Each structure stands twice: as C-alpha cells, then as structure tokens.
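Here are my notes on the model. Please read them with the structure open.

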Amino acid sequence: MAYKTLMFLHLYTVLPCVFIGAYLLIVKKGTKTHKLLGRIYMILMLFTATVTLFMPAAVGGRFLNHFGWIHLFSVLTFWTIPTAYIAIKKGNVNAHKRKMILLYFGAIIIAGAFTFTPGRYLHSVFFG
C-alpha cells in the first residue's frame, strides 16, 4: 500500500481517538456510554497502531531501514490496550485509569506533537 494511503488511513482512525479519548477522560466513568466509546476507542487505537507499523519512518534514524523512534508509540499502544482492558475486567480501576491516561498522553498528545516536526506531512500542511 502506498505511504500516502497509509498516512490518510492512520489520520482517519487516530483523529476520532483525539476527541473520543478526551471525552472519556472527562466524563463519568463506568456508564454504558463510557464502556461503548471505550471499546470503540481501543479498537481504533489498535487499528491505527497497526497501520503505523507499515509506514516507514520519515524523519530521523531507522532500524531495519523502516522503523523509527515514533514506532515506539505503536508498541506502547499494543502493550497498553490489552493490559488496560484486562485491568478493568479484573476490577482494577486504578491500573486501568493509569494506563488509559498514559495511552492518551503518550500515543496521542506526544506522538501527535511529533507529527508537526519538519519533514512530516502535517508540518507541511500547517506550516508550508
């Protein structure tokens, strides 16, 4: 698949997560809406992290001529989602909460900030 197609697929799946994740962090927890949106959020995050694995690093050094430091956020996602899900299923609300906050700020806020660095597509869109 072409890089541009992967990039837009990633953008289309991660953008809803920005808003769903923020909403989930501020609303009452444990409601049916929270659970439903939480599942949607987790599925979208897993899908978007999978897409990123097929996208070669565009900035900085590469490992195996493909993966860059930014791919560590995909690893974070693949670790955090299942462990957060297991935590809540076991009733460990604090662990679930910690992991979901880590995921949102790590994989969305911090990784998202990196997408605005020079040499990346969103940098060219917003800064020319």
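What volume does the second largest pocket have?

1. The second largest pocket has a volume of about 560 Å³. A pocket is an open set of points on a 1 Å grid over the protein atoms alone, where a 1.4 Å probe fits, with protein on both sides within 12 Å along at least five of seven lines; lining residues have an atom within 4 Å of a point. Volume is the space filled by probe spheres set on the points, which are joined across faces, edges and corners.

2. This is a predicted model: local features need pLDDT of at least 70, side-chain atom pairs need 80 or more, and totals for chains, interfaces and linings use all residues. Numbering starts from 1 along each chain as its sequence is written, and side-chain values use heavy atoms, without hydrogens and water.

3. Twenty residues line the second largest pocket. Gly30, His34, Ile88, His96 and Met100 lie nearest its centre. H1, H2, H3 and H4 each give two or more residues to this lining. Helices are DSSP runs (H or I, at least four residues), numbered from the N terminus.

4. The largest pocket has a volume of about 670 Å³. Its lining counts 31 residues, with His10, Val14, Ala111, Thr115 and Arg120 nearest the centre. H1 supplies the largest share, seven residues.

5. Helices H3 (residues 72-89) and H4 (residues 93-114) pack at about 160°, axes 8 Å apart. Axes are lines fitted to C-alpha atoms over the stretch in contact; angles run from 0 to 180 degrees between N-to-C directions. H3 is therefore roughly antiparallel to H4 (over 145 degrees).

Methods. Parallel < 35°, antiparallel > 145°, perpendicular 65-115°, else oblique.
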